[in-house]
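Trainee: Please take me through one part closely, step by step. Then show me what lies around it.

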Protein chains: 2
Amino acid sequence: MRLADVRPLAAALAAALCATVAGAAANTPTTAEIVAASGREEWRALDPARTLYMQLPSGRVVIELAPEFAPQHAANILKLVGEHYFDGLAVIRVQDNFVAQWGDPDEKKPLGSARVKLPSEYVAGYDPSASFLRLPDLDGYAPQAGFINSMPAGRDPAARTQWLAHCYGALGVARGNDPESGNGSSLYVVIGQAPRQLDRNIAVVGHVWLGMELLATLPRGGGAMGFYENASQQVPIASLRRAADVPEAERIALEVLRSESRSFQRLVDARRNRRDDFIRNSPGFVDSCNIPVPVRIRRPE
Amino acid sequence: MRLADVRPLAAALAAALCATVAGAAANTPTTAEIVAASGREEWRALDPARTLYMQLPSGRVVIELAPEFAPQHAANILKLVGEHYFDGLAVIRVQDNFVAQWGDPDEKKPLGSARVKLPSEYVAGYDPSASFLRLPDLDGYAPQAGFINSMPAGRDPAARTQWLAHCYGALGVARGNDPESGNGSSLYVVIGQAPRQLDRNIAVVGHVWLGMELLATLPRGGGAMGFYENASQQVPIASLRRAADVPEAERIALEVLRSESRSFQRLVDARRNRRDDFIRNSPGFVDSCNIPVPVRIRRPE
């Protein structure tokens, strides 16, 4: 009797175990599981020399510049930041489902040693040896879509050009109709559905890795294109600094999952083909703007 | 001499005129221009019987239900609304770049005469005679993408199914892992990059036409998946009413540009192929989630 009792129990246990193992194998991992299983070398620390901290009343926005896509714009922005150009300026425009933009409300502040006019730099030269995680799916806005340095990007092999895509968190250089009118003294961040029609039409020069919610929750402006209608609505920028210029104790040690890592590939696969108890119809597709890139605070060595 | 002087002037004037005319013809119209040129019959008024007003501390959110996509869910929501189920409940979750969700924080309030369990209704039967503005471009998440009743939608002719797409402003029915666990007592709205991987996995049952910024600017929740961690952070819903149940003087006479209208087609064309002084590289493509649908207050007859 006892033996007879034990056998079904053992069988049930084995079956339960197999179900768990089979389930684990069949289910796509969550982002948290992928991050937990990742290796230390799969993460890169943000470089303090190209990382910016923008201090708003609600907290700090952490932005990484990508000079490889718009070198003269990145250099100009670093010059402006180094000379404290943005301190005391403000977020002047927040358009719902589009962008938050900051700069000089009066457009009068001298740019110091920064340049007023720059070449357009909407696209950068295409370096075939540079790392590019190409997504397997078609993209309507680019011949090839994927990630470069963990930032969503497009490539055109025929023209040998590459550019950062206007996904959520992309940092763009505001400009007028003149393609050379953008100089980095007014910048915007995408806070809504990716306006990919702007790709290759504006210099995108970086990405926000932390604090997006501080920009995305700002009151929308009531004027045309979301500009605030009076100065009292503008959101003051206390300071905008290079991380390298901030005392080390005040820096935040952010790491981004490398797009060339195996874990990032697992993340892409998990977004494309999702098998779990919630999902009935796996999408079988993923858009480059629809892969939230994991970011974390660096763990002590 | 005078004649000789006049001739070049006339030629110059003619040339300038031609340039203007040619320029006007070549430039794609702005949304404002398309709206200004539209005919009255190209707009449809929201039906008060399926339009909801959600009163938040910051103002009113106007939602239109789409019973043709999820009839039992729409009916259940109308029952809940009619019995004032949502009054005094709250926005309980706001996840950055994803969704704002409301319902009963305690999950205890009785549903009254509404049903607790409903069939899944992730997709609806495909009616070939119903109006569908199909976009010409490929869509990764749907065999066909376009608009039905001015709401972004997908279609699968092989399966003869159609569904509302998870674009900015889409109203979805929150649920657990059980496909029949959603009943409309907890609802969410997309406030970020379109999570199209959820299409055909959740019942999408309507669209927000006004007040999106009231949801999109709410503080993000600090808990897992953006849930607020304590009750004081939840955003109270004063009331959620059918427009038909609100005195006429308190209604807002909203009109939406019909997706089957010529002006809507002009809008799609203008988003796909943009020629103006700002744009250097026309996208030649448009995503269904990237066409903001014009809405206006009805003009008096």
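**A sheet and its surroundings**

Mentor: Start in chain B, where β1, β16 and β17 form an open, antiparallel sheet of three strands, in the order β1-β16-β17. Strands here are DSSP runs of E with at least two residues, helices are runs of H or I with at least four, and both are numbered from the N terminus. Two strands pair if DSSP finds at least two bridges between them. The edges are β1 (43-45) and β17 (295-297) of chain B; each has a single partner strand, so one side of each has no neighbour in the sheet. On average, neighbouring strands of this sheet are turned by 35° against each other, direction ignored. Axes are lines fitted to C-alpha atoms, for helices over the stretch in contact; angles run from 0 to 180 degrees between N-to-C directions.

A word on the model: it is predicted, local features need pLDDT of at least 70, side-chain atom pairs count only at pLDDT 80 or more, and totals for chains, interfaces and linings use all residues. Residues are numbered from 1 along each chain as its sequence is written, chains are lettered from A and ligands numbered from 1 in the order written, and side-chain values use heavy atoms, without hydrogens or water.

Back to β1(B). Three bridges join it to β16 (residues 254-257) of chain B, and the two run antiparallel. One detail to find: A45(B) stands opposite E255(B) in β16(B).

Now look at chain A. Nine strands form an open, antiparallel sheet there, in the order β14-β4-β5-β12-β11-β13-β3-β2-β15. Its edge strands are β14 (235-236) and β15 (239-242) of chain A, each pairing on one side only. Four bridges join β2 (residues 51-56) of chain A to β15(A), again antiparallel. In β15(A), L240(A) is the bridge partner of M54(A). Helix α3 (residues 71-82) of chain A packs on this sheet. Among the strands that α3 touches are β2, β3 (59-65) and β15 of chain A. Its direction makes about 120° with that of β15(A). Touching is contact: heavy atoms within 4.5 Å.

D87(A) pairs with R241(A), the closest N and O atoms being 2.7 Å apart. D87(A) sits in the loop between α3 and β4 (90-94) of chain A, and R241(A) is in β15 of chain A, 154 residues apart. A salt bridge means a side-chain nitrogen of Lys or Arg within 4 Å of a carboxyl oxygen of Asp or Glu. The count over all chains is 28.

How do the chains relate? Chain A can be laid on chain B with an RMSD of 0.0 Å by a turn of 180° and a shift of 0.0 Å along the axis. The copies are thus related as by a two-fold rotation axis. They are superposed by least squares on C-alpha atoms of residues with pLDDT of at least 70 in both. In chain A, T217(A) has the C-alpha nearest the axis, 1.9 Å from it.

The contact takes 40 residues from chain A and 40 residues from chain B. Salt bridges between them number zero.
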